[in-house]
Amino acid sequence: MSNSFICLIGNLVREPKLTQSQNGNAVCRFDIAVNRPSREVEVPPSFYNVTCFSELAQNVYETVHQGTRVIVSGNIEVKDVNKEDGGKVRFVNVLADAVGVELRFNLADVKQGIQRADPGNERDYQFSEEPF
């Protein structure tokens, strides 16, 4: 297993999925396709699995949808797993520290200073007067 910082810009391949960890924290998983522009040859997109936790997981789940262009930064985690037939499979996952909507192709309605009154209720917000 190796960990390295990575920053990616790509589009969500499908709707994000929100689950809970064993200790009750929110976990959001989604996949992005990253295009690598090349003028000489057509390069297929690279696909990355992204996982985020807690408040970030809730906010991503409620904000982005399939096709949304996002910026993801975090640590890349690479795991090699042995298959039953003796071969190996490599899994690449990004453990996100930050996810944002890429504003060159999107508009965003930003709400600062949001705190959840009830972390279990994804629609229960309290807005602070001073976000900083």
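Me: Which residues touch the most other members of the largest nonpolar core?

Reply: Happy to start there. A nonpolar core is a set of buried Ala, Val, Leu, Ile, Met, Phe, Trp, Tyr and Cys residues joined through side-chain atoms within 4.5 Å. Buried means under 20% relative accessible area, exposed over 50%, and partly exposed in between, with a 1.4 Å probe and protein chains only. Here the largest such core has 19 residues, and Phe30, Ile32, Tyr48 and Val72 touch the most other members. At least two core residues come from each of β1 (2-12), β3, β4 (46-53), α1 (54-63), β5 (69-82) and β6 (88-101). The largest share, five residues, is supplied by β3.

Me: Before we go on, what kind of model is this, and how are its values counted?

Reply: This is a predicted model: local features need pLDDT of at least 70, side-chain atom pairs count only at pLDDT 80 or more, and totals for chains, interfaces and linings use all residues. Residues are numbered from 1 along each chain as its sequence is written, and side-chain values use heavy atoms, with hydrogens and water left out.

Me: What is phenylalanine 30 in contact with, leaving aside its neighbours within four places in sequence?

Reply: Contact means heavy atoms within 4.5 Å. With those neighbours set aside, phenylalanine 30 contacts Leu12, Pro16, Tyr48, Asn49, Val50, Cys52, Val60, Val72 and Val99. For the chain, take contacts between residues at least 6 apart in sequence: 56% of them join residues at least 24 apart.

Me: How many helices and strands are in the chain?

Reply: Helices (H or I, at least four residues) and strands (E, at least two) are DSSP runs, numbered from the N terminus. The chain has one helix and eight strands, in the order β-β-β-β-α-β-β-β-β from the N terminus on. Buried residues account for 28% of its 132 residues.

Me: In which sense do β2 and β3 pair?

Reply: Two strands pair if DSSP finds at least two bridges between them. Strand β2 (residues 17-20) and strand β3 (residues 26-34) are antiparallel, with four bridges.

Me: How many salt bridges does a search of the whole structure find?

Reply: A salt bridge is a side-chain nitrogen of Lys or Arg within 4 Å of a carboxyl oxygen of Asp or Glu. The search finds five. One of them joins aspartate 31 and arginine 14 at 2.2 Å, N to O. Aspartate 31 is in strand β3 and arginine 14 is in the loop between β1 and β2, so this pair ties together parts 17 residues apart in sequence. Aspartate 31 counts as buried at 18% relative accessibility, whereas arginine 14, at 40%, counts as partly exposed.
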